[in-house]
Every structure is written in structure tokens, then in C-alpha cells.
Amino acid sequence: MASAPQYRAEPPERLVRHVSAHGDPGRAWLAGLSGLVEGLLRRWALIPERVHAPGGRTSVLVLVRQEDGTPAALKVAYEPERIAAEQRALEHWNGVGAVRLLRADAASGALLLERLQADVSLRSLAEAKAQLEAAATLQRLWTAPPAGHPLPTVAEHTGRLAERLRALRAEPYAELVDAALDRREALLGDRAAAGPDVLLHGDYHQGHVLAAERMPWLAVGPRPLVGERAYDLAWPARDRVDTLVAAPGAAAATRRRLTKLADALDVDRDRLRDWTLFRCVATGVTALTRGDRNGGELHLEYAGWL
């Protein structure tokens, strides 16, 4: 195939909103996105079908067909360094528990992935069934890290989050921020209780587990880290938090969920609770500073129950 049809689709609104917040660099990337995608379509002999919406906050996903007609998905991200890390993790998993990587151009922030059912995630299932499937898929991803890996560790990543929390510490959540920072220090100080380091998904939740053909469910969108398993379980612990906080006895239900997840995956419950608290506080405070009052308060209320 000599050339591919022109890519004329507008980027999803969510992508435009979040990348534009990065200022001139973000706006420049958005302005050049169509040309970047068109170049990849030509180079990899892809035929575009449609852009998946609403899509991600920092990447566009174009559903395509390869030259032989096989469906695939072209992901192009604003932050190439994250794509490079995602590429390393997907190559290591090699399709076991995660979407299969077909091609990559890390310098362009581009990955060609096997086509999954982008509109069908674990969130389409009832809560109990979704949690079971999420746990089973996550277990497949927890493997020994790639030899000589250059991936960030949990300690390094959360160190940057901790610096941000200290800078944003303010009432009325200062006490909760202090608790989150203290628990992180305690967690990192007790390496014996953490268990062996494994390759982590890093951003694992039900929305990042999609229906597939060769396996029922596969994970997508990793932000891989190397560290203890309890860190990766924090987001499954607070999945569907908006529904959880609106239900009667939400605090007790939260504690039962933590216990159930910890027991199912043989993770220390207290460490899972403490990592969940830290990550929820970091997310909540960051959301508040960006003007997302509902999202921020939701995560901080949840953290207050832990």
C-alpha cells in the first residue's frame, strides 16, 4: 500500500483539555497531532477507521486496520517517556494478562496494539464479578521485573508525589496529608514486610481492563513501576468510589473490601490500607489544586475512612 487515507479526525475534547493545560508545549503537540498520526499511518501501512472517544487524557487512540485487514489500535501519547516505559512493560508481559504490543516508535510516543473492545471494560460487570476478574488479571501481570530494567520504582515515584503533597499541604486537609506522608515513610522503611519486588501495572483499575478475543479480559494503559504488590492494589481498592461513598455504611464497606482484596491476593492488609490512603490523598489534593472539587473531595473522604 503506497499511502494511507488522510487522518482528519479532531482529537477528543478530554485530550485537548488536559494537554492544553501544559501550556505552549501542549498546544504545539495538539497542533501537530494530525501530521504525526498521518505519518505513522503511512509508515506502518494502516487504514484509519475512527478515533476512540472519550479516550485518554494524554493520548489519542485511533482504531485502524493493518495492511492484511487485521484490526489494531494506534496509540499516540503526549509524553513519549511514558510510552517508552509502557513499551518495556508490554514487551515483558508479551500478551499475558495485557494487551499485545505489535509495533512501537517511542520517540514519536506511538504504540500499535492489538484491538480490544475499547468500549467494554470491567466496569460493565457487577461489582463482585468485576473485582474477581480484576484480581485474576492483575496476578498475571505481577512477574519478576525485566533484567536490568530502567523502570522507576515505587519509592522513586511516590517520592515525587510526596514532594508535591508537602508543597500543597493546607487546611482543612493538612492532618490527612501528614498521615499519608507518615505512612509512606513507614511503608518504605519496612522492606521486609513488603515482599519481593515485581513489575507493577502502576495505574490498575477496572476501566483499564478491557474485553478481548484471545482472553476474556486484558489490561491496558500501564504506567509501570517496580515495587511491592500492595501498591498496585490501591486503585482496585477504591474502584467505583463514587458509588461506594453514596451507599449506606460506606466506611465499613470500604474496610471489608480491603480485607477481601488482601486475602484474595495474599497481600498484607495494613500495607494495602496505607498505600491506598497515600495514593487517595495524593490524587485528592492534586485534583483540588486543578479545580476538580468533586473528584478531590471524593478521594479525600474515602481516605478519611482508612
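Guide: What follows goes through the salt bridges, then a patch of charge, then the backbone. The model is predicted.

A search of the whole structure gives 24 salt bridges. One of them joins the side chains of Arg-65 and Glu-49, with N to O at 2.6 Å. Arg-65 is in strand E2 and Glu-49 in strand E1, 16 residues apart, so the pair links distant parts of the chain. Arg-65 is partly exposed, because its relative accessibility of 33% falls between the limits of 20% and 50%. Glu-49 is partly exposed as well, at 40%.

Asp-119 is exposed, with a relative accessible area of 55%, while Arg-50 is partly exposed at 42%.

Asp-119 turns up again in the surroundings of His-52. His-52 sits in the loop between strand E1 (47-51) and strand E2 (59-65). Apart from neighbours within four places in sequence, its contacts are Pro-12, Leu-61, Ala-118 and Asp-119. With a relative accessibility of 11%, His-52 counts as buried, because the limit is 20%.

Glu-133 is buried at 18%, whereas Lys-129 is partly exposed at 43%. Leaving aside neighbours within four places in sequence, Glu-133 touches Leu-122, Leu-125, Tyr-204 and Trp-217.

Salt bridges also link Arg-183, Arg-269, Asp-270, Arg-273 and Asp-274 in a network. Arg-183 is in helix H7 (residues 174-189) and is partly exposed, with a relative accessible area of 22%. Arg-183 and Arg-273 are 90 residues apart in sequence, and their C-alpha atoms are 9.7 Å apart in space. Beyond neighbours within four places in sequence, Arg-183 is in contact with Arg-273, Asp-274, Leu-277 and Leu-306.

Next comes the patch. Arg-14, Arg-57, Arg-164, Arg-223 and Arg-290 form a positive surface patch. Of these, Arg-223 is placed in the loop between strand E9 (217-219) and strand E10 (225-227). Arg-223 is partly exposed, at 32% relative accessible area. Patch members carry no salt bridge and must have over 30% relative accessible area, so Arg-223 passes that cut-off.

The backbone remains. Most residues other than glycine have a negative phi, and most peptide bonds are trans. The bond joining Ala-53 and Pro-54 is cis, with omega about 5 degrees, and Pro-54 is in the loop between E1 and E2. Another cis bond runs from Glu-171 to Pro-172, with omega near 5 degrees; Pro-172 lies in the loop between helix H6 (154-168) and H7.

Ala-45 is not a glycine, yet its phi is positive, about 55 degrees. Ala-45 lies in the loop between helix H3 (33-43) and E1, and is buried at 13%. Asn-94 likewise has a positive phi, near 50 degrees. Asn-94 is in the loop between helix H4 (80-93) and strand E4 (101-105), and counts as exposed at 51% relative accessibility.

Definitions and conventions:
Residues are numbered from 1 along each chain as its sequence is written. This is a predicted model: local features need pLDDT of at least 70, side-chain atom pairs count only at pLDDT 80 or more; totals for chains, interfaces and linings use all residues. Side-chain values use heavy atoms; hydrogens and water are left out. Patches are made of residues with over 30% relative accessible area and no salt bridge: like charges are joined within 9 Å, nonpolar side chains (Val, Leu, Ile, Met, Phe, Trp, Tyr) within 5 Å. Accessible areas come from the Shrake-Rupley method with a 1.4 Å probe; for residues, only the protein chains shown count as cover. A salt bridge is a side-chain nitrogen of Lys or Arg within 4 Å of a carboxyl oxygen of Asp or Glu. Lys and Arg count as positive and Asp and Glu as negative; His and the chain ends are not counted. The place of a charge is taken as NZ of Lys, CZ of Arg, CG of Asp or CD of Glu. Helices (H or I, at least four residues) and strands (E, at least two) are DSSP runs, numbered from the N terminus. Buried means under 20% relative accessible area, exposed over 50%, partly exposed in between (1.4 Å probe, protein chains only). Contact means heavy atoms within 4.5 Å.
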